[in-house]
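Work through the exercises below with the sequence and the model side by side, and try each task before reading its solution.

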Amino acid sequence: MAQSTLPLSFAPLEGITGWLFRRVHHSRFPGLARYYTPFSAPTADSPLTGRGLNDVLPEHNEGVPVVPQLLTNKADDFISAARRLQDLGYNEVNLNLGCPSGTVVSKKKGAGFLSDPQGIDAFLDTVFRRLDMTVSVKTRIGVSDPDEWPALLEMFARYPISLLIIHPRLRTDYYKGDVRQEAFAYAVDNYKGPLCYNGDLNTVSDCQRVTACYSRLSELMAGRGLVADPALGRALAGGPPLTQAEFLAFHDELVAGYQEILYGDWPVLGKMKELWTYWANLFPAPQKPLKAMRKAKTLADYRAAVQRLVGEQEILPAYTTARSR
């Protein structure tokens with residue numbers, strides 16, 4: 001297959017793709033179209049404060065193409081937060097209609113908001129009338145029934161959404177099972193605005209297959225695949241796959257960065273151990289070193305386990321060019 005020329009963006013992953021991760025990734029693997037932030041949930045009392053504000057501060061994101069993501073079902077709260085972001089220099093904001101978390105859905109936010117198409121319609125009507133800012137939307141195809149999708153898509157089509165990012169799963173699917181390709185194909189045939197495909201893009205061949213299937217695409221979005229293989233965007237554009245040395249340099253810069261902003265070994269270890277949930281896929285037999293990493297209580301023990309893995313095993317060369325497992 002030929003290399004894809006579609007832009008690739010980084011999907012947000014809560015607790016993983018915060019400002020430090022984005023900054024280090026962009027410095028070492030430039031070329032992605034956008035990095036979407038993990039969602040901030042504005043309220044009437046706090047449109048954008050605390051951790052959400054810290055994540056989007058301009059000094060933390062200098063030179064990185066960032067789009068803040070908001071999660072709410074109240075138009076006034078969305079508008080207040082978006083205007084605060086506009087004051088910080090952002091010209092685009094993204095609405096999260098995809099989060100399947102039970103705590104989020106129970107409040108009719110994220111994918112839970114999809115159960116109320118009339119509510120979303122009123123929400124978007126208010127936002128686009130009152131907000132002078134680019135708005136994109138990341139959505140699933142419904143809550144529990146694929147038949148929800150045509151009406152939702154028709155509703156989205158009434159608004160000047162800058163990019164409709166579709167993860168073609170239901171809320172009840174979570175991240176399990178195959179993505180529902182027929183739902184995305186329906187969007188390609190029936191939605192005239194810009195479209196982005198998101199879901200199970202873990203390798204170059206995954207991205208190429210989607211690009212070949214859907215000619216009318218504006219963009220691709222990967223999340224877990226880009227965490228696992230930080231060079232996925234480069235490889236997709238025809239560049240070289242991830243090397244052992246640059247993976248270790250990326251890893252070490254993240255550790256050093258977290259040591260500067262977190263207090264003590266334990267929170268740094270928490271960040272890095274979570275990343276190995278994804279990075280383990282790069283190696284053919286990571287189980288024993290991973291067990292040592294998980295048991296590590298100091299950064300010294302953790303680093304020894306990482307060096308053992310990276311020193312003994314080569315990154316799977318097929319990982320950036322084809323599905324390896």
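**Exercise 1: a loop lysine**

Task: find which residues K108 touches, leaving out residues up to four places away in sequence, and describe its setting.

Solution: K108 touches N73, F113 and S115, not counting residues up to four places away in sequence, where contact means heavy atoms within 4.5 Å. The model is a predicted one, in which local features need pLDDT of at least 70 and side-chain atom pairs count only at pLDDT 80 or more, while totals for chains, interfaces and linings use all residues. Residues are numbered from 1 along each chain as its sequence is written, and side-chain values use heavy atoms, with hydrogens and water left out.

Then look at the backbone, where the phi of K108 is near 60°, a positive value in a residue other than glycine. Most residues other than glycine have a negative phi. Finally, the C-alpha atoms of K108 and Y191 are 25 Å apart in space, and the two residues are 83 apart in sequence.

**Exercise 2: three further loop residues**

Task: is T37 buried or exposed, and which residues does T37 touch?

Solution: begin with the position of T37, which is found in the loop between β2 (35–36) and α2 (50–56). The relative accessible area of T37 is 1%, so T37 is buried. Not counting residues up to four places away in sequence, T37 touches P12, R22, D55, V56, V66, V67, P68 and Q69.

Task: in which loop does T172 lie, and where is Y174 placed?

Solution: T172 lies in the loop between β7 and α7, and the place of Y174 is in the loop between β7 and α7 as well. T172 has a relative accessible area of 40% and is partly exposed, and Y174, at 33% relative accessibility, also counts as partly exposed. With the exclusion of residues up to four places away in sequence, T172 touches V143 and S144. The backbone of Y174 has a positive phi of about 50°, although Y174 is not a glycine.

**Exercise 3: the strands around β8**

Task: in which sense does β8 pair with β7 and with β9?

Solution: take β7 (residues 164–166) to begin with, which pairs with β8 in the parallel sense over three bridges, a pair requiring at least two DSSP bridges between the strands. L164 stands opposite L195 in β8. The chain passes from β7 through helix α7 (residues 181–190) to β8, and this β-α-β crossover is right-handed, that is, with the strands pointing away from the viewer, the path from the first strand over the helix to the second runs clockwise. Turning to β9 (residues 219–222), β8 pairs with it in the parallel sense over three bridges, and the bridge partner of C196 in β9 is E219. A right-handed β-α-β unit is likewise made by β8, helix α8 (residues 204–213) and β9. As for the side chains of β8 (residues 195–198), L195 and Y197 point one way and C196 and N198 the other way, and all are buried.

**Exercise 4: helices packed on α14**

Task: at what angles do α11 and α12 pack with α14?

Solution: α11 (residues 244–261) and α14 (residues 299–312) pack at an angle of about 170°, with their axes 12 Å apart; the axes are lines fitted to C-alpha atoms over the stretch in contact, and angles run from 0 to 180 degrees between N-to-C directions. That angle makes α11 roughly antiparallel to α14, since angles over 145 degrees count as roughly antiparallel, under 35 as roughly parallel, 65 to 115 as roughly perpendicular and the rest as oblique. α12 (residues 265–279) and α14 pack at an angle of about 25°, with their axes 10 Å apart, and α12 is therefore roughly parallel to α14.

Methods: Buried < 20%, exposed > 50% of the residue type's maximum accessible area, 1.4 Å probe, protein only. Helix = DSSP H or I, 4+ residues; strand = E, 2+ residues; numbered from the N terminus.
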